[in-house]
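Subject: A structure for you to look at

Hi there,

Here is the structure I promised to pass on to you. Have a look around it first, and then read on for what turned up.

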Amino acid sequence: MEIFKNKTGKKGGYTLAEVLIVLAIIGVVAAIVIGSLLINAQKTNYITSLQKANSSLASAINRSQVDNSTMSVWNFKLNSESFTNQYFSKYLNIINICDNKEGCFANSYYTKDGSSTSNLDDYYKFILTDGIAVGIKSAGEGGCTDTNPSICATIVVDVNSTQGPNQWGKDLFEFSIYGNLNAIVPSGTFSSYDENIKKWIAADASEIDTNCMSTGEYCAAKIANEGWEINY
């Protein structure tokens, strides 16, 4: 059997430099692939927890309306703590209450454009048994009724509590309770209320996208609209 030889008559083979180059290329490709897999796995975990939070809050509202009558007669003028205790606490599996103290949410959060936001001090905060942090803020003195439809309450959820990345649209999301709707939906789902037909008008996808990629408050709406997927 003949052995391959180069023009100098020596046996052919790879030099150490060539082997190192090949290994380096394999390492770069592996790092890209593994990094992509880790990011996708992280997104999947965020989505799963976000859906869980959405389900828990929707269930709590439905059960609360059985005991406390329809949401149209709820007292949204209560402060956030009293409002939460009146309409939510009994219907959620809460293991730790932080109120306006630290421990449930991170000290600060970042938006997609890089700006920093505060620790949601005006929310009544607690953690559920599945590790999801929830903050609820009622309308307060202004109130909210079916004849004065507006955002009656705002609810923020951090799907992994104080753990990173602590960024709007990644692990921090916002929901709203709208007057004359009797439901909780991702913030930004509606753009305005039409008095003539007595209905909320759905926001344009472009409006939701723009907000999600800047402040991040409407990212839960974007995710829900796109089949519960994070496509950003």
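Cys219 counts as buried, because its relative accessibility is 0%. The model is a predicted one, so please keep that in mind as you read. Cys212 also counts as buried, again at 0% relative accessibility. These two cysteines are joined by a disulfide, with 2.1 Å from S to S. Which hand does this link have? The torsion about the S-S bond of Cys212 and Cys219 is about 95°, so the disulfide is right-handed.

**The other disulfides**

A search of the whole structure finds 3 disulfides. One of them joins Cys144 to Cys152, where the distance from S to S is 1.9 Å. Here the torsion about the S-S bond is about -45°, so this disulfide is left-handed. Cys144 is buried, with a relative accessible area of 6%, and Cys152 is buried as well, with 3%.

Another disulfide is formed by Cys98 and Cys104, whose sulfur atoms are 2.0 Å apart. Their link is right-handed, with 85° about the S-S bond. Are Cys98 and Cys104 buried or exposed? Both Cys98 and Cys104 are buried.

If you number the bonded cysteines of the chain in sequence order, you get the pairing 1-2, 3-4, 5-6.

Now back to Cys212, which belongs to helix 3, residues 205–212. In this helix, Ile208, Asn211 and Cys212 are buried. Looking down the axis of helix 3, you will find its buried residues within an arc of 100°, so they line one face of the helix.

What does the face of helix 3 turned away from its buried side carry? There you will see the exposed residues Ser206 and Thr210. As for the buried residues of helix 3, what covers them includes helix 4, residues 219–225.

An open sheet is formed by 6 strands in the order 1-4-5-6-7-8, and the pairing is antiparallel. At the edges are strand 1 (94–99) and strand 8 (184–186), each of which pairs on one side only. Neighbouring strands of this sheet are turned against each other by 25° on average, direction ignored. If pairing is new to you, the strands of a sheet pair through backbone hydrogen bonds, either parallel or antiparallel.

Which residue in strand 4 is the bridge partner of Asn96? The partner is Ile127.

**Salt bridges**

The count of salt bridges comes to 5. One of them brings together the side chains of Lys137 and Asp122, at 3.5 Å from N to O. This pair links distant parts of the chain, since Lys137 is in strand 5 and Asp122 is in the loop between strand 3 (116–117) and strand 4, 15 residues apart. Lys137 counts as partly exposed, at 26% relative accessibility, and Asp122 is partly exposed too, with a relative accessible area of 45%.

Lys198 and Glu195 also meet in a salt bridge through their side chains, at 3.0 Å from N to O. Lys198 is partly exposed, with a relative accessible area of 48%, and Glu195 is partly exposed, with 43%.

Finally, take a look at Lys222, which forms a salt bridge with Glu226; their closest N and O atoms are 2.8 Å apart. Is Lys222 buried or exposed? At 8% relative accessibility, Lys222 counts as buried, because the cut-off for buried is under 20%. Glu226, by contrast, is partly exposed, with a relative accessible area of 29%. Salt bridges that share partners join Asp209, Lys222 and Glu226 into one network.

Enjoy exploring, and do write back with any questions.

Best wishes

How values were computed:
Residues numbered from 1 in each chain as written. Predicted model: local features only at pLDDT ≥ 70, side-chain atom pairs only at ≥ 80, totals over all residues. Heavy atoms only, no water. Pairing = 2+ DSSP bridges. Helix = DSSP H or I, 4+ residues; strand = E, 2+ residues; numbered from the N terminus. Axes fitted to C-alpha atoms, helices over the stretch in contact; angles between N-to-C directions. Buried < 20%, exposed > 50% of the residue type's maximum accessible area, 1.4 Å probe, protein only. Arc of directions from axis to C-beta. Contact = heavy atoms within 4.5 Å. Disulfide = S-S within 2.5 Å. Salt bridge = Lys/Arg side-chain N within 4 Å of Asp/Glu carboxyl O.
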